[in-house]
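Subject: Structure handover

Hello,

Here is the structure you asked me to pass on. Please have it open while you read the notes below.

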Amino acid sequence: MSGRAQLMWDEAVTGYDFGPDHPMDPVRLALTRRLVDALGLDREVEVVSAKPAGESTLRLVHREDYIKAVKAASADPRAADTSYGLGTVDDPAFAGMHEVSSLIAGLSVGAAEAVWRGDALHAVNFSGGLHHAMPGGAAGFCVYNDASLAIARLLELGARRVAYVDVDVHHGDGVQAAFWEDPRVLTISLHEHPRTLFPQTGWPEETGAGDGEGAAVNVALPAGTGDAGWLRAFHAVVPELIADFRPDVLVTQHGADTHFEDPLAHLAVSLDAQRAVQVACHSLAHEYAGGKWVALGGGGYAVVDVVPRSWTHLVGIAAGRPVEPETVIPEGWRREVFARTRQLGPVRMTDGRWPVSWGEWEAGYDPADRLDQAVLATRRAVFPLRGLLA
């Protein structure tokens, strides 16, 4: 194993563009890539592209009729079949949609292959993490579910156990659905409570079915949850489950839309807490998965202030050269931000909350606290199914 991290990148991913009024502005990808370069992280990672996922790969997760519908909408957006979730407000059809979506999927599959085969210890695809796409339909800004495809490819290559941890503000419903009955895949999602946010799934009682019962884990967080609560919930659930499961590979999704500036959700998490979870995921990969870590992007709609900094931290952590929170962002990058967006870019790689702290679950909990109630609900629903104490 080389031990070197790979950054999966192809400039063509910025063509994943639903239009000028859509929240998922591809400028967030371009600005992240430029910030990685501006901070010198290019010298610490191997920047690699990959082939678009072919139909046989896409069919590891997606139905043949759905792939055909995506291709048809890609060739003629006006002919998009809305019964497949295409041509809707969330997922407008656009020319070349199949090609760029396949490329993003191919980058995540390539990341999984590189880590499994030992070409890299860690691999990052921040253009990926499109976790809402279902086997037979687009949803929530997601056309092909690259995270599920990466996991399916790992299983195809011989992985016995894959753990997936999703800290996007929205429930990782598509990945959960893909492996609902598969005990080889442990899916853990921390997200805003389904009462207050799309996709209205991810209740703690959703624990899998059949042989996969107990392999789906959902922590539904109250709206308004901030750094201390978010980190408390993560550490009260994720490490113990990963330690018990002992995956061959850890796949993580790092949607940046938990941030207090994000316009589409209601959590109040800082960039510094996001960085702390990235560090924790890196540590979990080394402690329980032999260091094999595939890290993906996801949501995030504060496209200037938050997303580029969050995912640049992710790249730095994967590369073994974490960016210090107090780092001043190069002026050249801030000039590019203004030229592209007419917005002023952030000055430092922190929200001023580092180091972040939280109360350990083992020290005790308050059954009247809404955050602790959420954690308790998850532990009581899942832990006994896995032979663990709730």
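This is a predicted model: local features need pLDDT of at least 70, side-chain atom pairs count only at pLDDT 80 or more; totals for chains, interfaces and linings use all residues.

Domain

The UniProt record, an unreviewed entry, carries the annotation "domain: Histone deacetylase" for residues 22–315. In the model that span is 38% helix and 12% strand, and its end C-alpha atoms lie 26 Å apart.

Strand S1 covers residues 5–8 and has both faces covered. Ala 5 and Leu 7 lie on one side, Gln 6 and Met 8 on the other, and all are buried. In general, side chains in a regular strand alternate between the two faces of the sheet.

S1 runs parallel to strand S2 (residues 45–48), with four bridges between them, and Gln 6 has Glu 46 as its bridge partner in S2. The unit formed by S1, helix H1 (residues 27–38) and S2 is a right-handed β-α-β unit. S1 is also joined, again in parallel, to strand S3 (residues 122–125), here by two bridges. The partner of Gln 6 in S3 is Ala 123.

Strand S7 (residues 249–253) is mostly covered, with five of its five residues buried. Val 249, Val 251 and Gln 253 point one way, while Leu 250 and Thr 252 point the other way.

S7 runs parallel to strand S4 (residues 162–166), and five bridges join the two. Thr 252 of S7 is the bridge partner of Val 165. S7 also pairs with strand S8 (residues 293–296) in the parallel sense, over four bridges, and there Thr 252 stands opposite Ala 295. Between S7 and S8 the chain passes through helix H8 (residues 271–288), in a right-handed β-α-β crossover.

The largest pocket holds about 270 Å³ of space. Its lining has 13 residues, and those nearest the centre are His 193, Arg 195, Ala 220, Pro 222 and Ala 374. Strand S6 (216–221) and helix H11 (370–382) are the elements that give two or more residues to this lining. H11 gives the largest share, four residues. By class, the lining of the largest pocket has eight nonpolar, three polar and two charged residues.

The second largest pocket holds about 170 Å³ and is lined by 19 residues. Nearest its centre are His 132, Gly 140, Phe 141, His 170 and Tyr 301. The lining of this second largest pocket divides into eight nonpolar, eight polar and three charged residues.

Cavities

How many cavities of 30 Å³ or more does a search of the whole structure find? The search finds two.

The largest cavity has a volume of about 50 Å³. Residues lining the largest cavity include Val 13, Tyr 16, Met 24, Asp 25, Arg 28 and Leu 130. By class, that lining has seven nonpolar residues, one polar and two charged.

The second largest cavity also has about 50 Å³ of space. Among the residues lining the second largest cavity are Val 167, Trp 230, His 254, Gln 274, Val 277 and Gln 278. Helix H8 contributes the largest share of this lining, three residues. The lining of the second largest cavity has three nonpolar residues, six polar and no charged. H8 is also the helix through which the chain crosses from S7 to S8.

Regards

Note on methods. Residues are numbered from 1 along each chain as its sequence is written. Side-chain values use heavy atoms; hydrogens and water are left out. Buried means under 20% relative accessible area, exposed over 50%, partly exposed in between (1.4 Å probe, protein chains only). Two strands pair if DSSP finds at least two bridges between them. A crossover is right-handed if, with the strands pointing away from the viewer, the path from the first strand over the helix to the second runs clockwise. On a 1 Å grid over the protein atoms alone, a cavity is a set of points where a 1.4 Å probe fits but cannot get out, and a pocket is an open set with protein on both sides within 12 Å along at least five of seven lines; lining residues have an atom within 4 Å of a point. Grid points are joined across faces, edges and corners, and a volume is the space filled by probe spheres set on the points. Ala, Val, Leu, Ile, Met, Phe, Trp, Tyr, Cys and Pro count as nonpolar, Asp, Glu, Lys and Arg as charged, and the others, Gly among them, as polar. UniProt positions are given in the numbering used here, feature names are shortened, and annotations may be inferred rather than shown by experiment.
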